[in-house]
Amino acid sequence: MSSFPFRKKQREAVELALSNAPLVAIAGTPASGKTEIALASLETAIAHQCSTLVVAPFASTFNRYENLPLPSLQITSDRDYRQNAKTWLRQQVAKPKLDFLPPHCLEDSLFEELQMKRDRQFWLRLLREEESLQKIQKLTQAVAEIFPNIHPKRQELLVHRLKKSETLLEQRERLHQDYTTLSDHAFEQILDTALPHIKVPILCLSDRLAILGERTFELVIVEDSHYLNDSTLQAIATRAKKIVLLGELTESKNLFGRLFQNLSSAYRLQLAENHRLHPDLARKIFPALYLMQPTPYSPSSHKHSPLSQGEHRLNWLNIKTAEQIPIVLQQSLESLPDQQSCILTFSSELSDRLQQIPYLSNSNITTVKDWNGRECQKIWIICDKSESRQLNLTNIRLALTRASDMITIIGDWEYYQNTFNALGSDFHFVRDIAIKED
């Protein structure tokens, strides 16, 4: 049911992830669709009531898993499994989704939408009107206000359904009151009953696996597997009937790369497509950052925002001093007020300093290490000399593969040209803002 434009290789990857192979590895550069494959596999497993676990080294990765068919249970703190499950259960009970229908009733999306536009208590007040004629008039008026453009006969049908469903709405309201006023003792009883059987998708940081105890899962998906070490993989293996490893084949001989090369070809698959970056960005960035891999194919079906006249997709704003950074940022953001944009830094200290500047306080400013699993249309990357120790190849790859339309780096080119040497001739340089130091 995914809206993602799966191509042949990606459909094969989903089938591999749902096969009976106990261990599979799916490799690909950023934006190749690995997370979309994970989501499609996870949603299928949830639909078949399988227990599922997603493991990732970075909490920001879990942002992509927010809209699963079942609300997920996130384990990112040091609380034990029971406490995490209790917090999750309290969140679900606080706002229970009570949209059940008796088996003999046909689903009606407009009927359910009525209850989202107005709460149950509103409809129950109208339905409890003693005079029948006045009740029908008020119900008809309320339905007409919510759906003024539907046929009058359809409005009459909705009024009829409301009248017939008075008992159902009363049951839902009683249940809602019961859920939201549960005593702590009753809540603990529900938790004790549900805990052994609960099959909600669990999202767990790779360094918090011990919190899960000895619980096993029918499907375990591991994001960013190229960050795995032997002990983490062993901890995952003891809890999984099926493991799907998703990662990148970097030049370093990491565990994921060794596993990928040694697995049977029937249990591994490499993706070579780009579904995020504009083709102009992809043709410049991927050959420079992934030297041993071919440039990913960019499907033409992906829509990107057009650039204004004179704009370029890969820019370097050349400055000499850190004091110029806020001024240049303000000018850049003012010229693109309606665009989805983010400012990335390589240290939390610089992010904090920028957020304290009044006209940047409402901007989306974050560090590169907190950007795993996220994407944006336009990204400004701040290269400050004080944080140059953070500019390793891993962070540069992450920063340069998260924008779909435009990337602008602000920094002293003379200082950083060796770091970005592979991309040097591809940048559009803005040199007129450079102020030479005395």
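**View A. Ile379 meets a partner in β12.** Ile407 of β12 is the bridge partner of Ile379. Here the strands β11 (residues 376–382) and β12 (residues 403–411) pair in the parallel sense, over six bridges. Two strands count as paired if DSSP finds at least two bridges between them. Helices (H or I, at least four residues) and strands (E, at least two) are DSSP runs, numbered from the N terminus. As you look around, keep in mind that this is a predicted model, in which local features need pLDDT of at least 70, side-chain atom pairs count only at pLDDT 80 or more, and totals for chains, interfaces and linings use all residues. Residues are numbered from 1 along each chain as its sequence is written, and side-chain values use heavy atoms, with hydrogens and water left out.

**View B. The open sheet of six strands.** Follow the order β10-β9-β11-β12-β8-β13, with parallel pairing. The edges are held by β10 (365–367) and β13 (428–430); each has a single partner strand, so one side of each is left without a neighbour in the sheet. On average, neighbouring strands of this sheet are turned by 25° against each other, direction ignored. Axes are lines fitted to C-alpha atoms, for helices over the stretch in contact, and angles run from 0 to 180 degrees between N-to-C directions.

**View C. Two helices lying across strands.** Helix α12 (residues 279–289) lies across β8 (314–318) and β12, running at about 55° to β12. Helix α14 (residues 348–355) lies across β9 (341–345), β10 and β11, and its angle to β10 is about 170°.

**View D. The largest nonpolar core.** This core has 35 residues, and Leu53 and Leu212 have the most contacts inside it. Helix α3 (residues 81–94) gives the most to this core, with five residues. A nonpolar core is a set of buried Ala, Val, Leu, Ile, Met, Phe, Trp, Tyr and Cys residues joined through side-chain atoms within 4.5 Å. Leaving aside neighbours within four places in sequence, Leu212 is in contact (heavy atoms within 4.5 Å) with residues including Leu53, Ile75, Tyr81 and Phe217.

**View E. Two loop residues with positive phi.** Most residues other than glycine have a negative phi. Ala31, in the loop between β1 (23–28) and α2 (34–47), has a phi near 75°. At 9% relative accessibility, Ala31 is buried, a word for under 20% relative accessible area (1.4 Å probe, protein chains only). Asp224 sits in the loop between β5 (219–222) and α10 (230–237), with a phi near 50°. Asp224 is buried too, with a relative accessible area of 15%.

Definitions and conventions: Buried means under 20% relative accessible area, exposed over 50%, partly exposed in between (1.4 Å probe, protein chains only).
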